[in-house]
Amino acid sequence: MRVELRLLQQVKPYRGLLALGLATTALASLLDGFTLVILIPLLKHLFGTSGALHAGSTRLEAWVTRLTEPLVAGLTPGAAAGRLVVLLALGLLLKNALSYASSQISVGVQEGLVRDLRTRIFDHLLSLDLNYFQRTRAGQLISYIVTEVDQTKTVITASLLSLFQNIVVVTITLAVLSQISLRLTLLTLACVPAMVYLLQSLLKRLRRHARARAKERGEVTATLTERIGAVRLIRAYGEEARESARFAAQANRYRKQVVRTQRYSSLTSPLTEVFSGFLVILIIWAGTRPALIGLGGPLAPETIIVFLIAALKLTSPLKTISSFPAVMAVTLASAERVFELLDEPATEGDRPGEGEARFEREIVFDRVSFRYGDGEPVLRDVSFSLPKGRVVALVGPSGAGKTTLADLLPRFHDPTAGVITMDGVPLTRLTRRSVRALLGVVSQDTVLLNDTVQANIAYGSPGATRDQVEAAARAANADLFIAQLPQGYETLLGERGTRLSGGQRQRIAIARALLRDPPILILDEATSALDTESERLVQQAIDRLMADRTVLVIAHRLATVRDADEIVVLDEGRVVQQGTHEQLFRAGGLYRRLYDLQFRDDEPVLAVEY
Ligand SMILES: Nc1ncnc2c1ncn2[C@@H]1O[C@H](COP(=O)(O)OP(=O)(O)O)[C@@H](O)[C@H]1O
Ligand SMILES: [Mg+2]
């Protein structure tokens, strides 16, 4: 569907408010016309020419004079002018009050539209495939939600309200003008197409450049967010100067693009300025030539003044109307980007036909294969089963596909071939929500939010009480260090939890999993990043977490792996060995090699980099 139409559709919920805005605007414009027309008798009284309709008199003059007659009958010219001034002032006040109301209404509509789009994009982001986030820079997404969406509101101010207002003003003004002299009005209007043509020729380029500008702006945001997050890295490797140069180059690319875009949009103003100048000269010249304007004599001075005021009143709305496509070009460039994002197919969310997951017996991987996008297969024909209450360990060299395999359980991805079943039902026939509700994941890089300790532990368990949170923290060996934090459980953890050590972060993550109390647990190298001291504390916590659960544990401490009910050895996406520790140890092969490597280094961890 066309972008314009889609954008208009977003306005639908506000159509009542919008109609009110349009009505207020129309009323304000009518009053504007009234204050213009009332000038004629006022000027007549001031010039002392009232009552004397001369050869060049127009229908409008006759009409207004008749209309205001009862109001000023029997008054001296001075007193009559005074009354008309009061009337003029009242009209002016009311007109501006209405204009104010209409602009407030338009702000209400446009900000509502922006909020709606913003929340829709955010919700949509939450439902996109994980791959999308790997393809897209976070800063570009932030720029979508912050800047691009904001730009789309111009569709309300520029398009609906302002365009409408100006059309009404132009119509009323033209009515006034043509009542003074139809021919002079037509002459004036004959100049308009030339201006519109000039403006139009700018627009195509403007839209293209506006789109490029939006992209550059996104790049600036993206670089900023990434580099701010990597400030320790930059410092540690002394990359400040290079980063500075890189950012300066980026900022400069953005500057160039803004200047290029502005080059076209700034041209509209001088064009119309010159145009109005010519118009004034034309009107004065033609207004004093009776033959040209088709009246018995030249226009009275007061009529020419009113005509000039009215004609000049036209230029601003005409300018707005003709630059409307320019403004819309920028808006539509932004809207296009917004809709592109909204059109990214969502993979998340529950589908019709998907049932609720239940786990009583076992999870089975049956000849599961998987590849990312069009890449090489990362998992090939993987088969094993995870019976309820058992522990299966997954070991293998780095890059073997262990994390990928673990990601298939919560349906972060679905297998490209083969099937994973839970109690015999394929996972793809179960809602993601119900499958994930059964799972707890603790991985090597724990994700903490910039929130309190309490909120981080209770994340995903909204109903948890303080007592439950504290019990989970105790079981996770986290209570002691939490007590030492300045505000205990109310301490803010800072951006990505940076105020905690690796082992402390890990224990918060374990407390989080404990609180959620999932029947199935996935441990992905949960202790491999830790030093021996915190590892003991974390290990103790993990042992408590594993109790009475079904566990898939990846490349963990040897002790855990050795005690596992079954060990699956993965290499280059294939299962190369499978069995208990005793069996695999005796069989030699990859498991034995990994085991020996661990022993030689006296490092009780089975995550090995080749
Ligand atoms: N999002 C991704 N897109 C493309 N390839 C990926 C992605 N994640 C991992 N891979 C690739 O898949 C393979 C297995 O990775 P992974 O499952 O993380 O291994 P492991 O956890 O065993 O170290 C690696 O070759 C890795 O480069
Ligand atoms: Mg991994």
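Helices (H or I, at least four residues) and strands (E, at least two) are defined here as DSSP runs, numbered from the N terminus. The structure is a predicted model, in which local features need pLDDT of at least 70 and side-chain atom pairs count only at pLDDT 80 or more, whereas totals for chains, interfaces and linings use all residues. Residues are numbered from 1 along each chain as its sequence is written, chains are lettered from A and ligands numbered from 1 in the order in which they are written, and side-chain values use heavy atoms, with hydrogens and water left out.

Helix H19 (residues 466-475) contains Ala472. With a relative accessible area of 6%, Ala472 is buried, where buried means under 20% relative accessible area, exposed over 50% and partly exposed in between (1.4 Å probe, protein chains only). The C-alpha atoms of Ala472 and Pro13 are 46 Å apart in space, and the two residues are separated by 459 residues in sequence. Thr35, located in helix H2 (residues 15-37), is likewise assigned as buried, at 8% relative accessibility. Thr35 and Leu92 are 57 residues apart in sequence, with a C-alpha to C-alpha distance of 6.6 Å.

A residue is taken to be near a molecule or strand if one of its heavy atoms lies within 4 Å of it. The residues around ligand 1 are Gln134, Tyr372, Val378, Pro397, Ser398, Gly399, Ala400, Gly401, Lys402, Thr403 and Thr404. By class, this shell comprises four nonpolar, six polar and one charged residues; Ala, Val, Leu, Ile, Met, Phe, Trp, Tyr, Cys and Pro count as nonpolar, Asp, Glu, Lys and Arg as charged, and the others, Gly among them, as polar. Helix H16 (residues 402-408) supplies the largest share of the shell, three residues.

Polar contacts (pairs of N or O atoms within 3.5 Å; within protein, one must be able to donate a hydrogen and the other to accept it, and residues adjacent in sequence count only if both atoms are side-chain atoms) were also identified for the ligand. Thr404 contributes a polar side-chain atom, which lies 2.5 Å from a ligand oxygen atom. Ligand 1 taken alone exposes 560 Å², of which the protein buries 61%; accessible areas come from the Shrake-Rupley method with a 1.4 Å probe, and for residues only the protein chains shown count as cover.

Side chains of opposite charge can pair when their charged atoms come close. A search of the whole structure finds 30 salt bridges, each defined as a side-chain nitrogen of Lys or Arg within 4 Å of a carboxyl oxygen of Asp or Glu. In one of these, the closest N and O atoms of Arg118 and Asp150 are 3.6 Å apart. Arg118 lies in helix H5 (residues 77-126) and Asp150 in helix H7 (residues 138-152), so this pair ties together parts that are 32 residues apart in sequence. Arg118 is partly exposed, at 28% relative accessibility, and Asp150 is also partly exposed, with a relative accessible area of 28%.

A salt bridge also joins Arg246 and Glu243, with 3.3 Å between the closest N and O atoms. Both residues lie in helix H12 (residues 240-265), three residues apart, about one turn of the helix. Arg246 is partly exposed at 40% relative accessibility, whereas Glu243 is buried at 14%. Asp517 and Arg549 form a further salt bridge (2.7 Å, N to O). This pair links distant parts of the chain, 32 residues apart: Asp517 is in the loop between helix H21 (502-516) and strand S7 (520-524), and Arg549 in the loop between helix H22 (532-546) and strand S8 (550-554). Arg549 is buried, at 8% relative accessibility. Salt bridges that share partners join Arg137, Lys215, Glu219, Glu226, Arg227, Glu239, Arg242, Glu243 and Arg246 into one network.

Arg411, although not a glycine, has a positive phi of about 60°. Arg411 is in the loop between H16 and strand S4 (417-422) and is buried, at 3% relative accessibility. Asn477 also has a positive phi of about 60° without being a glycine. Asn477 is placed in the loop between H19 and helix H20 (479-484), and is buried, with a relative accessible area of 14%.
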